[in-house]
Protein chains: 2
Amino acid sequence: MSLMERKTAEKKNKILNSALIVLAEKGYHGTTMEDIANHLLMTKGSLYYYFKGKQDLVFQSQIRILKQSIENVKSVNQQELTSEEKLAGVIRKHIEYSLREKAGFLLMANPTEIFSETQLTEIYHLREAYAACYDELIEAGVKAGDFKVENIPVARNVLLGAMNWVTQWYSEEGALSIEAFAQLVTDYTMRIVKK
Amino acid sequence: MSLMERKTAEKKNKILNSALIVLAEKGYHGTTMEDIANHLLMTKGSLYYYFKGKQDLVFQSQIRILKQSIENVKSVNQQELTSEEKLAGVIRKHIEYSLREKAGFLLMANPTEIFSETQLTEIYHLREAYAACYDELIEAGVKAGDFKVENIPVARNVLLGAMNWVTQWYSEEGALSIEAFAQLVTDYTMRIVKK
DNA sequence: TAAAAAATTGACTTGACATTCAAAAATTGA
DNA sequence: TCAATTTTTGAATGTCAAGTCAATTTTTTA
C-alpha cells in the first residue's frame, strides 16, 4: 500500500470514528451528512470524495464493528483458558466493546431500515460467523461438562439478546464503570448455559 | 361515551392496527403516511383528522402496546401459581405478544430517534411500571427459595434483553409455532434467575 | 519551482414526504 | 327531506437533507 493510499485509509477511518460519535447521539435518521462533516471541521462535499453516500458510510462503519467483534473473540480464544472462562471472557469483551461503540450496536437493531439487500447479505454473513464462534464455545463447554444446553442456536440467541440489549440500559446503572458493569452482566448471562 | 365517540375510537383503533402492520414491514422511517392510508383504502389527508401527525400516530400505538403488556402481566398474576410459574408465564406471554406485534416492539429499540421529550417521559414511565412487575415477581421467587438473584435490576434487565431480542431472530427458527418457540425461549431465559 | 494530481469547497439541484386546507361527499338527526 | 355536522379528498405548500459538480485550494512529485 502506497503512502497516499494509507493516508486515504486513515482519513476514512477518522471519518468513520467521527460518524459513530455523531450517530450515537442522534441515530441514523437524525444524523445529516453535514453533522458528520462539521464534527470533523469539514464540509459535507468532501465526505462524498471518500464515501459513495450516507448509506455507504454507515455500512462501512457497521462492517468494521462486526469484523472487530470477530477479532475480539479470536484474541480471547487463543488464551489458555477453560471453555467456561473463554465464553465468559468473550461475553465481557462484547459488552465492553458494545458500550464503547454504542451507536454501531444500536444500528444493528433495525438493519433492514437502513441497508440495501446486498449490504444486508454481507452483514448477515458476518453475523453468522460471529454467532458460530459462540456456538463452538458453547459446544466445547457442553463436552467439558460445564454447560447444559440441548438447543445451542436458541441458547446462543438468548445469550446474544441479553448482551446486545445492554446499550439500552447501561446508563441507568450510572455509578458503575464499563468494566464492573460488564462483569456483573456476564455473571447473569452465563447462567443461560451453565449446568 | 356517545355512539359517535365510540365510532371515532374504533376508527382510531383500526388505523393503529393498520399502521402497526405497515410499520412491521418498513419500519418507522420507511413508512409514509400514504402507505398507512393506502393500506386502509383511505387517503393520507383523513389520517390527520384522527391524529395530529405521524409521530403522534406512532406514539399512540406504542402506548397501547405498553399498556397491553402491563395488562398481560396482571392477567397472569391473578392466577393461582407459584412465583416461578408466574414469572415463566409472564415471559411466555411477553414473547408471544412481541412476535405478534413485531413492529411495535422493534420501534422500542430506538425511541429517542422518533419521539419528543414529553412522549419519551410517558413511555419511560410505562416501561418502569412494566419493569417493576418483573422485579416483584423475581423478589417473590427469591423469598420462596426458587430463585437466586443478588442484584434484581440487573438480572431483570438481562432477562428483558433476552426477551426483547427475539423479534430479531424468530424467523430463523421458521419451523416452530410462536407458542412452541416462546416456550423454548422461556426455558432458557428462566435460567437467569433460577437457583 | 512548476506542472500534475489530490482534496476541498459551497452553492445548486432534486426528490421525497409531512402537513395544510378549502371544497366536496357522506352521515346524522330533527 | 334538508340543514347541520362529520368525514374525506387531493391538490398545493413547505421543509429538509441527500447528492452533484465546476471551480478553487492544497499537496505531491519530478
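Predicted model: local features only at pLDDT ≥ 70, side-chain atom pairs only at ≥ 80, totals over all residues.
Local features here need pLDDT of at least 70, side-chain atom pairs count only at pLDDT 80 or more, and totals for chains, interfaces and linings use all residues. Residues are numbered from 1 along each chain as its sequence is written, while chains are lettered from A in the order in which they are written.

Let's start at DNA strand D, which 17 residues surround (near means a C-beta atom, placed from the backbone, within 6 Å of the strand). The closest are A:Thr32, A:Met33, A:Gly53, A:Lys54 and B:Gly45. Helices (DSSP runs of H or I, at least four residues, numbered from the N terminus) that each supply at least two residues of this surface include α2 (33–39) of chain A and α1 (3–30) of chain B.

Turn next to DNA strand C, where 18 residues gather around. Here the closest are A:Gly45, B:Thr32, B:Met33, B:Gly53 and B:Lys54. Two or more residues come from each of α1 (3–30) and α3 of chain A, and from each of α2 (33–39), α3 and α4 of chain B.

Now follow α4 (54–77) of chain B. Its buried residues (20 or more other C-beta atoms within 10 Å of their own, with C-beta atoms placed from the backbone) include B:Leu57, B:Phe59 and B:Ile65. Among the elements covering the buried residues of α4(B) are α5 (83–100) and α7 (117–143) of chain B.

Finally, A:Leu159 is in contact (C-beta atoms, placed from the backbone, within 7 Å) with A:Tyr134, A:Thr189, A:Ile192 and A:Val193, leaving aside its neighbours within four places in sequence. A:Leu159 is also among the residues with the most contacts inside the largest nonpolar core, which has 56 residues (such a core is a set of buried Ala, Val, Leu, Ile, Met, Phe, Trp, Tyr and Cys residues joined through C-beta atoms within 7 Å).

Key: Buried ≥ 20, exposed ≤ 12 C-beta atoms within 10 Å, placed from the backbone. Contact = placed C-beta atoms within 7 Å.
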